[in-house]
Amino acid sequence: MSASDTTAPARPVQIGEDLVGPGQPVYVIAEIGINHNGDVEIAKQLIDVAADAGCQAVKFQKRTPEISTPEAQKSQIRQTPWGEMTYLDYKYKVEFEQEEYTAVAEHAAARGVAWFASPWDEPSVDFLETMDVPVHKVASASVTDMGLLQRLKETGKPVILSTGMSTLEQVDAAVEALGTDKLVLLHATSTYPLPPEEANLRTITTLSERYGVPVGYSGHETGLQISLAAVALGAVAVERHITLDRAMWGSDHGASLEPHGLKTLVRDIRILETAMGDGVKRVFPGEEAPLSRLRRVGA
C-alpha cells in the first residue's frame, strides 16, 4: 500500500453520537486505562474529570490476564500497594469485570461521555461486545496480533488503531486486516514519557496520505504543546492518559494529565479549531478600522 493507492479525502467515521474525521470537532479521548488501580470509585472520579474537561470519550483497557500476560513475566514478583505479588496476580487485581464495567457504563452515560476499551485478547473483545461499546481501540502493542484484529473486524464496529512501536509495513498489514471503512488511525510513539525528538508529528500527514482514513494522535508526553501541534497538523482525534495525581502508584500515572492539564488541553484544542480557519485570504471585519487608520496608499 502506498500514498498513490488512496486519493479521495478521508470520510468521517461514526463513533456513537460523534463523527470523527476532517471537518468535525476534534474527538478528545481521556484514557483512564488502568489508572483506576482496580478501584471503580477512582474510575468514576476520572470519568468526572473527563466530562468536566469537555472530552467526548473515556477509554479503558480490557485483558484476560492469563492470555495477555507474557509467559516470562507471569511469575515475576512485583511490589504493589497491596503487598508483594506475582505480576499475573497484580494484573488480575487491577482488572475490571462485568460488575465494575456496568458501573462504569452507567456513570459515563450519566455524564454524557462515551466509554470503550482496548481489548488485549479475543475473549476481551467478546466481553466488550456484551457491554455494547460503540467502538474498539487497538493498542500499539497489538498492531501485529492478527487473531485479535480479525476478531475485531468480525464485530462490524468502528476501530481506532494506535500505531506506536510499529513499522509502516506492520501498519499496512493491520490496515489490510481491519479494512478502511470504519477505521481511525492514531499516530503514536510508545515512549513513556515521550521526548519531543521522538514525537515525529509529520507522520500524521504520512498516515493520512497513505491510507485515506481519519488520523489522530495518541500522546504520552508530559505537557500540552505536542498534542496541540498535532491538532494544527490535522489530527482529528487526540488521546491522552489522565490521572487524579501523577504521584499515584502505577506505571502510567507519570505520563498522564492531571485534571487541570486536561481541561486546559481541551480548551486550547477548541481555540485551535476556531483559529485554523478555511485558508481563504481576505480582510476580516476586525481589520477594517486599522485598515482605514493605518494604510496610506490604497489598492
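## Charges over rings

A charge sits over a ring if NZ of Lys or CZ of Arg is within 6 Å of the ring centre and within 35 degrees of the ring normal. In this predicted model, Arg63 lies over the face of Trp120, at 3.9 Å from the ring centre. Arg78 is placed over the face of Tyr90, and here the distance to the ring centre is 4.6 Å.

## Aromatic pairs

Rings pair if their centres lie within 6.5 Å, and the count comes to nine aromatic pairs. For Phe60 and Phe96 the ring centres are 6.4 Å apart and the planes stand at 40°, so this pair is tilted. The two residues link distant parts of the chain, 36 residues apart: Phe60 belongs to strand 4 (residues 57–62), while Phe96 is in the loop between helix 3 (87–93) and helix 4 (98–111). Buried means under 20% relative accessible area. Phe60, at 0% relative accessibility, therefore counts as buried, and Phe96 counts as buried at 1%.

Trp82 and Trp249 make another pair, with ring centres 6.0 Å apart and planes at 80°, so the pair is edge-to-face. Trp82 lies in the loop between strand 5 (77–80) and strand 6 (83–86), and Trp249 in the loop between strand 12 (237–241) and helix 10 (259–276), so the pair ties together parts 167 residues apart in sequence. Trp82 counts as partly exposed, at 33% relative accessibility. Trp249 is also partly exposed, with a value of 29%.

## The aromatic cluster

Phe60 and Phe96 belong to one aromatic cluster together with Tyr101, Trp115 and Phe127.

## Nonpolar cores

In soluble globular proteins, nonpolar side chains tend to be buried together. The largest nonpolar core here has 49 residues. Which residues have the most contacts inside it? They are Phe60, Trp115 and Leu262. Helix 1 (residues 40–53) supplies the largest share of this core, eight residues.

Another core, of 27 residues, lies apart from the largest one. Among its residues are Ala199, Ile204, Ile226 and Ala230.

## Summary

Technical notes:
Residues are numbered from 1 along each chain as its sequence is written. This is a predicted model: local features need pLDDT of at least 70, side-chain atom pairs count only at pLDDT 80 or more; totals for chains, interfaces and linings use all residues. Side-chain values use heavy atoms; hydrogens and water are left out. Rings of Phe, Tyr and Trp (its six-membered ring) pair if their centres lie within 6.5 Å; planes under 30 degrees apart count as stacked, over 60 as edge-to-face and the rest as tilted. Helices (H or I, at least four residues) and strands (E, at least two) are DSSP runs, numbered from the N terminus. Buried means under 20% relative accessible area, exposed over 50%, partly exposed in between (1.4 Å probe, protein chains only). A nonpolar core is a set of buried Ala, Val, Leu, Ile, Met, Phe, Trp, Tyr and Cys residues joined through side-chain atoms within 4.5 Å.
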